[in-house]
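User: I am new to this structure and would like to learn how to read its features one at a time. Could you take me through them, giving the idea behind each and then the case at hand?

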Amino acid sequence: MKGGHQYHRPYGWNRIALKVVRKFGYNEWLGPNGIRTEGAPNEWAVSYHGTAIENADKIIKEGYKPGPRAAYGKGIYSSPNIEMVENHYAQQFDHKGKRYLIAFQNRVNPDRIKIISAEKTGVGADYWLTQKGEIRPYGVLIKEVK
């Protein structure tokens, strides 16, 4: 559990940590360092956001901005389900003759999540809708496509 929500590790993905303490300051949103088997007080929940490689640098430098689609309201969409993000939103790119997917691992303020249920989304997983400042990317995920 992280931030009161079930956490699913992104198995099969390579994770590159982002330097977030300088950008967001350190408080309890990130939780304590180290591998843990239970949540910590005041830490934020974990979500995933698939994107295109062309957007990655801007997201790292500026954070998320609401996109043009607003099927369930204006804001930033992510999901606690990495498999759904992989299958529907992480976009492929080529690098040195190989194909990869890219996504972001985020922390989301659990008190500010609007949950759109899997039944409503039709993709087999919940969407989490948040506003700028309530979602913070803290890892880039890369996966080779076989």
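Analyst: Let us begin with accessibility, keeping in mind that this is a predicted model.

User: Which residue forms a salt bridge with arginine 99, and how far apart are the closest N and O atoms?

Analyst: A salt bridge is read from the distance between a side-chain nitrogen and a carboxyl oxygen, with a cut-off of 4 Å. Arginine 99 is joined in this way to aspartate 94, with the closest N and O atoms 2.4 Å apart. Aspartate 94, at 55% relative accessibility, counts as exposed.

User: How many salt bridges are there by this rule, and which side chain meets lysine 65 in one of them?

Analyst: The count comes to five salt bridges. Among them is the one in which lysine 65 meets glutamate 62, at 3.0 Å from N to O, and glutamate 62 counts as partly exposed with a relative accessibility of 38%. Another joins the side chains of glutamate 43 and arginine 107 at 3.1 Å, again from N to O. That pair links distant parts of the chain, for glutamate 43 belongs to the loop between helix 1 (21–24) and strand 2, whereas arginine 107 belongs to strand 5, 64 residues away.

User: Are glutamate 43 and arginine 107 buried or exposed?

Analyst: Glutamate 43 and arginine 107 are both buried.

User: What should I make of glutamate 134, which is buried yet has no salt bridge?

Analyst: Here the step is to look for the nearest side chain of opposite charge and to compare its distance with the cut-off. For glutamate 134 that side chain is arginine 112, which is 4.1 Å away, while a salt bridge needs the atoms to be within 4 Å. As for its place, glutamate 134 lies in the loop that runs between strand 7 (127–130) and strand 8 (135–144). Once neighbours within four places in sequence are left aside, the residues in contact with glutamate 134 are Trp44, Arg107, Val108, Asn109 and Arg112.

User: Where does the charged end of arginine 136 sit?

Analyst: A charge can also be read against an aromatic ring. The charged end of arginine 136 sits over the ring of tryptophan 29, at 4.9 Å from its centre, and in a second case the charged end of lysine 2 sits over the ring of tyrosine 7, at 5.2 Å from the centre of that ring.

User: How many aromatic pairs does a search of the whole structure find, and why does the pair of tyrosine 89 and tyrosine 127 have the name it has?

Analyst: The search finds six aromatic pairs. One of them is formed by tyrosine 72 and tyrosine 127, which are edge-to-face, with 6.0 Å from centre to centre and 65 degrees between the planes. This pair links distant parts of the chain, since tyrosine 72 is in the loop between helix 2 and strand 3 and tyrosine 127 is in strand 7, 55 residues apart. For tyrosine 89 and tyrosine 127, the ring centres are 6.1 Å apart and the planes stand at 70 degrees, so this pair is edge-to-face. Tyrosine 89 lies in the loop between helix 3 and strand 4 (91–95) and tyrosine 127 in strand 7, so the pair ties together parts that are 38 residues apart in sequence. Tyr72, Tyr77, Tyr89 and Tyr127 form one aromatic cluster.

User: Which residues have the most contacts inside the largest nonpolar core?

Analyst: They are Trp13, Tyr48 and Phe104, in a core of 37 residues. Among the elements that give two or more residues to this core are strand 2 (45–50), helix 2 (53–62) and helix 3 (82–88), and strand 5 gives the most, with six residues.

User: What is there to read in the backbone at lysine 96?

Analyst: Most residues other than glycine have a negative phi. Lysine 96, however, has a positive phi, near 50 degrees; lysine 96 lies in the loop between strand 4 and strand 5 and counts as exposed, with 76% relative accessibility. Asparagine 42 also has a positive phi, near 70 degrees, and asparagine 42 is found in the loop between helix 1 and strand 2, exposed with a relative accessible area of 53%.

Definitions and conventions. Residues are numbered from 1 along each chain as its sequence is written. This is a predicted model: local features need pLDDT of at least 70, side-chain atom pairs count only at pLDDT 80 or more; totals for chains, interfaces and linings use all residues. Side-chain values use heavy atoms; hydrogens and water are left out. Helices (H or I, at least four residues) and strands (E, at least two) are DSSP runs, numbered from the N terminus. Buried means under 20% relative accessible area, exposed over 50%, partly exposed in between (1.4 Å probe, protein chains only). Lys and Arg count as positive and Asp and Glu as negative; His and the chain ends are not counted. Contact means heavy atoms within 4.5 Å. A nonpolar core is a set of buried Ala, Val, Leu, Ile, Met, Phe, Trp, Tyr and Cys residues joined through side-chain atoms within 4.5 Å. Rings of Phe, Tyr and Trp (its six-membered ring) pair if their centres lie within 6.5 Å; planes under 30 degrees apart count as stacked, over 60 as edge-to-face and the rest as tilted. A charge sits over a ring if NZ of Lys or CZ of Arg is within 6 Å of the ring centre and within 35 degrees of the ring normal.
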